[in-house]
Amino acid sequence: MRSTSTMKLAAVIALTAACSNSTAPFSPPYNPVFPTSWASAVTHQYYPLVPGTTWQYRSQASNGETITVEVLPAKETVNGVSATAVRDRVFLNGVLVEDTFDWYAQDSEGNVWYVGEDTKEYKNGVVVSTEGSWRWGVDGALPGIQMWATPSAKIGIDYRQEYYKGQAEDWAKILRVSDAVTVPFGSMANCIAIEEWAGLAPNEAHEAKVYCPGVGNVSGSAIGATDGYVLISKSP
C-alpha cells in the first residue's frame, strides 16, 4: 500500500540484483536485474494482497483525514506482468482529496515489486494534479522493491521502491524485524519497521511504517513525531 496526502510515506532503494541478498546505493542510471518468473498473486505475510480486502486508517493529527485501501479483483498488466491492483483513497472530513491505483507483483522468490501507480489529487471535486504517476516500461520508468522476501536479511540496507526520473524516486530501509505494536485494530507481535523517504525531497522528514504478519501496514508517522496514521479496521 502507498499511503498518501499528509500521511504519505515515500521509499526508494538501489538494487544491483533483483533477487539477490545484497544491494548497494547507486548513482543513476538505475539498472537492476528484474525477475523473469512471477507468482500468480501477492501472498507475502507482511504484504498480503487478497482481492476484496479493505483497510481503514485514520490520522492521529485530528485533522479529519482518513484513508481507505482496497485490493481490487481485476489484475492490471504492467510491462507484460500481471499485477495486483490496489486502490488507495484519502478523504478529508469525508471529501475525496486523493485517489490512487497502485500496482504490485510478487516474483517467484517472494519479493514484492512496486510496478506503477496512477494518482489523482482533487480540489472541490476537480482533478488538480497527477504528479507522481508512473508505469514500468513507460518513459523509462522502472519498478522497485515494496517488500523483501526475507526482511531480516536486508536490515539497514537502502533500496529503491520506484524510479521515474524527476517524478518518483522514493527510498526505504528496514529498521527492525521484531516489533510489538498496538493500534486501534489490535495488538500484534513480530512486526517489521521500515524507514521511508522521498529522494526528490531531501529536506522532508523521513517516516516509518510498521507492517505486521497477516495484516500488512498498521501505522506510519514521521520519525520522532507522535502523529501519523493508524489502522482502525480490516475486512475480511
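A disulfide is a pair of cysteine sulfur atoms within 2.5 Å of each other. With that in hand, a search of the whole structure turns up one disulfide. The structure here is a predicted model, so local features need pLDDT of at least 70 and side-chain atom pairs count only at pLDDT 80 or more, while totals for chains, interfaces and linings use all residues. Residues are numbered from 1 along each chain as its sequence is written, and side-chain values use heavy atoms, with hydrogens and water left out.

The disulfide joins Cys191 to Cys212, with 2.1 Å between their sulfur atoms. This pair ties together distant parts of the chain: Cys191 belongs to strand β12 (residues 186-198) and Cys212 to strand β13 (residues 207-212), 21 residues apart. Strands here are DSSP runs (E, at least two residues), just as helices are runs of H or I with at least four, and both are numbered from the N terminus. The torsion about the S-S bond of Cys191 and Cys212 is about 105 degrees, so the disulfide is right-handed. Is Cys191 buried or exposed? Cys191 is buried, at a relative accessible area of 0%, and Cys212 is buried at 0% too. For the record, buried means under 20% relative accessible area, exposed means over 50%, and partly exposed is in between (1.4 Å probe, protein chains only).

Next come the aromatic rings. A pair of aromatic rings is described by the distance of the centres and the angle of the planes. Rings of Phe, Tyr and Trp (its six-membered ring) pair if their centres lie within 6.5 Å; planes under 30 degrees apart count as stacked, over 60 as edge-to-face and the rest as tilted. The structure holds 11 such pairs. One of them is Phe34 with Trp113, an edge-to-face pair at 5.6 Å centre to centre and 70 degrees between the planes. Phe34 sits in the segment before β1 (54-59) and Trp113 in strand β5 (residues 112-123), 79 residues apart, so this pair too links distant parts of the chain. Phe34 is partly exposed at 22% relative accessibility, whereas Trp113 is buried at 0%. Elsewhere, Tyr47, Tyr104, Tyr114, Trp134 and Tyr211 make up one aromatic cluster.

Some rings also have a charge over them, meaning that NZ of Lys or CZ of Arg is within 6 Å of the ring centre and within 35 degrees of the ring normal. The charged end of Arg135 sits over the ring of Trp103, 4.7 Å from its centre, and Arg160 lies over the face of Tyr30, 5.5 Å from the ring centre.
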